[in-house]
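Hello,

The structure we discussed is handed over below. My notes on it follow.

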Amino acid sequence: MEVSELVHRVVPSPNFGERSLPINMLVLHYTEMKPVETALEKLTDPEAGVSAHYLITEEGEVIQLVSEEKRAWHAGASYWRGIKDVNSASIGIELDHPGHTEENGGYRGFSEAQFEALVPLVARIVKQYDIPRANVVGHSDVAPIRKIDPGELFPWDRLAEYGLCLPTPAKIERADPFHNAGAFILALERFGYDITEGRKAIEAFERRWRPERIEGKPDAQLGAILWHHLLERDRGAAR
């Protein structure tokens, strides 16, 4: 396994396979397990059948589990921009975090040490594989029916300040052009989401782009944000 200088230690997981697609995505998750040793145990358990390429602890330790050249089992049933085998096309990073479960202490923000360890790792991966900013996504983006991680408190805009993901639009050129919910959902599909369950796709979009209010139904603000992103993509500015 090739190990980057950004990695503090390696804990090999047997849960991986061969890729069938080139790497062009990066997916962020949270573990929803505490303590971190519990997550490590599951991610390296052959019976569990799950893994990721990296796990970053809340203290900022970067642990590599699977070689980047291999297909880690982190995304499950998922879809993004026409790709149905997200695992084959992506690098998966798990963030040590209690998630939304009350038994783990409830949902909270991500630690500064963890974010500071994440940024250079994402930067290196994005540069090495020429990953578009639009393809640096959360688990909830690629699996909206099943997942809500890393959740509404993940600091996407801070990551965007480094040019590592798409930013929330600072200026919206025009108002919502979508005349009904159906048109909005079809536009979500055009942007990249699985719209099998429309409400879940809308919630995923809100969680990523308007995390302060998640209602699962389109409105003028969401429509304007989505339209902005589609325009930027068509202009070639959303890479």
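Glu206 is found in helix H7 (residues 198-209); helices (H or I, at least four residues) and strands (E, at least two) are DSSP runs, numbered from the N terminus. This is a predicted model, in which local features need pLDDT of at least 70 and side-chain atom pairs count only at pLDDT 80 or more, while totals for chains, interfaces and linings use all residues. Residues are numbered from 1 along each chain as its sequence is written, and side-chain values use heavy atoms, with hydrogens and water left out.

Glu206 is buried, with a relative accessible area of 0%. Buried means under 20% relative accessible area, exposed over 50%, and partly exposed in between (1.4 Å probe, protein chains only). The side chain of Glu206 reaches the backbone nitrogen of Glu215 at 2.9 Å. That is a polar contact, defined as a pair of N or O atoms within 3.5 Å; within protein, one must be able to donate a hydrogen and the other to accept it, and residues adjacent in sequence count only if both atoms are side-chain atoms. Leaving out residues up to four places away in sequence, Glu206 touches Pro211, Arg213, Ile214, Glu215, Gly216, Lys217 and Leu222, where contact means heavy atoms within 4.5 Å.

**Helix H8**

Leu222 belongs to the buried residues of H8, among them also Trp227, His228, His229 and Glu232. Helix H8 (residues 220-234) has 15 residues and reaches 21 Å from its first C-alpha to its last, close to the 21 Å expected; the expected span is 1.5 Å times one less than the number of residues. What covers the buried residues of H8 includes helix H6 (181-191) and H7. At the start of H8, a side-chain oxygen of Asp219 comes to within 3.2 Å of the backbone nitrogen of Gln221. Just after H8, Gly236 has a positive phi of about 80°.

**Cores**

The largest nonpolar core has 30 residues, and Met25, Leu188, Phe205 and Leu226 touch the most other members. A nonpolar core is a set of buried Ala, Val, Leu, Ile, Met, Phe, Trp, Tyr and Cys residues joined through side-chain atoms within 4.5 Å. E3, helix H2 (86-89), H6, H7 and H8 each supply at least two residues of this core. A second, separate core of 29 residues includes Tyr30, Tyr107, Val136 and Leu164.

**The sheet**

An open sheet of 6 strands runs in the order E1-E5-E4-E7-E3-E8, with mixed pairing; two strands pair if DSSP finds at least two bridges between them. Strand E1 (9-10) and strand E8 (136-138) are the edge strands, each pairing on one side only. Strand E3 (residues 25-30) pairs with strand E7 (residues 90-95) in the parallel sense over 6 bridges, and 3 bridges join E3 to E8, also parallel. Leu26 stands opposite Ile91 in E7 and opposite Val136 in E8.

E3 is largely enclosed by the rest of the structure, because 6 of its 6 residues are buried. Met25, Val27 and His29 lie on one side, and Leu26, Leu28 and Tyr30 on the other.

Regards
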